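Please read the following note beside the sequence and the model. The points are numbered so that each may be checked in turn.

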Amino acid sequence: MRRLISGAAALACLLLAILVQGRAQEQKSRMDGYSDQATLLLQEPETYQNAALEQEGWQEETELVWWGEAGQQRFAGAQGYEAAVTAIAFTGSTQLLFPGGPVLQDTDRTGCLLDQKAAWELFGSDRVLGETVSREGGSWVVCGVLSFWEGLVVVPAGEETQDIPLDCLTASLGGRELRQAAELLEQGGHVGSLLRMDFYQNLSWVKELVPGKWSDFEGWGRSLKQKEQEWRLLTNSRKKIPQLLQYTACRRYYGYQGGFAVLLFGFLVLIHLTFFQKGWIIDKKFRR
C-alpha cells in the first residue's frame, strides 16, 4: 500500500515538474525577446521632432526607439468609461519595447496599443480592436492588446503627448556586445546611463570584469567599480513598464526552474522509495 501511495506521489511530482518546466520555457522565450537590446536613460529628454529626424538617420545602422512613460494619465473610452492609466509615447516601433506583442509603428499616427487592464477599465472588455480612446488634445484607434495587466496605453509621440518626456533610448544590438552598442549611441551624441538589465538574465557580464591583462590590478579595480555603479543604477532607478516586464520574466523563469528542480528531486526520492526501498533505508544489520 505504501508503495502504491509513493508511486502515485512520484507520478504527481513528475506531471507537476513537466507543467512547471513548460511555464519556465514560456518565461524564457520572453526573456530572450529582450536579450538583443540596450537601453540608455538619457540625461536630457529628446523632443519628438528631433527623435523623428534622428530615427531616419540611424535606420541603416540599428533600430532605435525613443520613448518615455508617465503615470496617472486620464484617458476616455466608450460609454463614458474613464481611467487614470500609465501612458508611453514612442518614436520608431514598439517591437523593441514589447517583444512578441502586437507591433505599432509611429508612422501610424492614429493608432495605439492597450494592455488588458486598460482595455477593461476603458471599455469593460478586452475585445477592443477598432475602438477609440482619447485624452485632452488627441484620440487614437486601438490596433492591438498587450497580454499583461499593468494599466497601459501606448501612443506615438507627437503634439498630443508633449507632456510625456522621451527620456529613454532603446536600441537593437544587431549582434553587437552591449557595451559596444552603448558606445555607438554615445558617439551619436546621446548622453545617458546604460541600464544593465542583462544582470538579471545571465552571467555573461562577468567576462567584462577581466581586464586586457591579468596582471592589470588597477583594471580589475576599475571593472569592479564600474559594475558596482551599474548595479546601483539598476536597483535604485524606477523601473518603467517594459523593464518591469523583463524583470518579472527573469524572476518567474528562475522561480519556475527552482520549483522544477525541487519537484524532480522529489520524484527521484519517491521512485527510490517505491522500487529500491531497501537501498534507501538503513539496513538493520548496520544498526547492530
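1. A residue is called buried when its relative accessible area is under 20%, exposed when it is over 50%, and partly exposed in between (1.4 Å probe, protein chains only). The model is predicted, so local features need pLDDT of at least 70 and side-chain atom pairs count only at pLDDT 80 or more, while totals for chains, interfaces and linings use all residues. Residues are numbered from 1 along each chain as its sequence is written, and side-chain values use heavy atoms, with hydrogens and water left out.

2. Salt bridges come next. Side chains of opposite charge can pair when their charged atoms come close. A salt bridge here is a side-chain nitrogen of Lys or Arg within 4 Å of a carboxyl oxygen of Asp or Glu, and by this rule there are nine. One of them joins Lys-28 to Asp-32, with 3.0 Å from N to O. Both residues lie in helix H1, four residues apart, about one turn of the helix; helices (H or I, at least four residues) are DSSP runs, numbered from the N terminus. Asp-32 is partly exposed, at 38% relative accessible area, and Lys-28 is also partly exposed, at 26%.

3. Helix H6 (residues 217–236) holds Lys-227 and Glu-230, three residues apart. Their closest N and O atoms are 3.4 Å apart in a salt bridge, and both residues are buried. Lys-227 and Glu-230 also belong to a network of salt bridges with Arg-196 and Asp-198. Arg-232 is partly exposed at 49%, as is Glu-228 at 41%.

4. The whole structure contains zero disulfides. Cys-112 is buried, at 0% relative accessible area, whereas Cys-143 is partly exposed, at 38%.

5. The last point concerns the interior. A nonpolar core is a set of buried Ala, Val, Leu, Ile, Met, Phe, Trp, Tyr and Cys residues joined through side-chain atoms within 4.5 Å. The largest has 34 residues, of which Phe-75, Leu-114, Val-133 and Val-153 touch the most other members. Apart from it lies another core, of 30 residues, including Ile-88 and Phe-90.

How values were computed. A disulfide is a pair of cysteine sulfur atoms within 2.5 Å. Helices (H or I, at least four residues) and strands (E, at least two) are DSSP runs, numbered from the N terminus.
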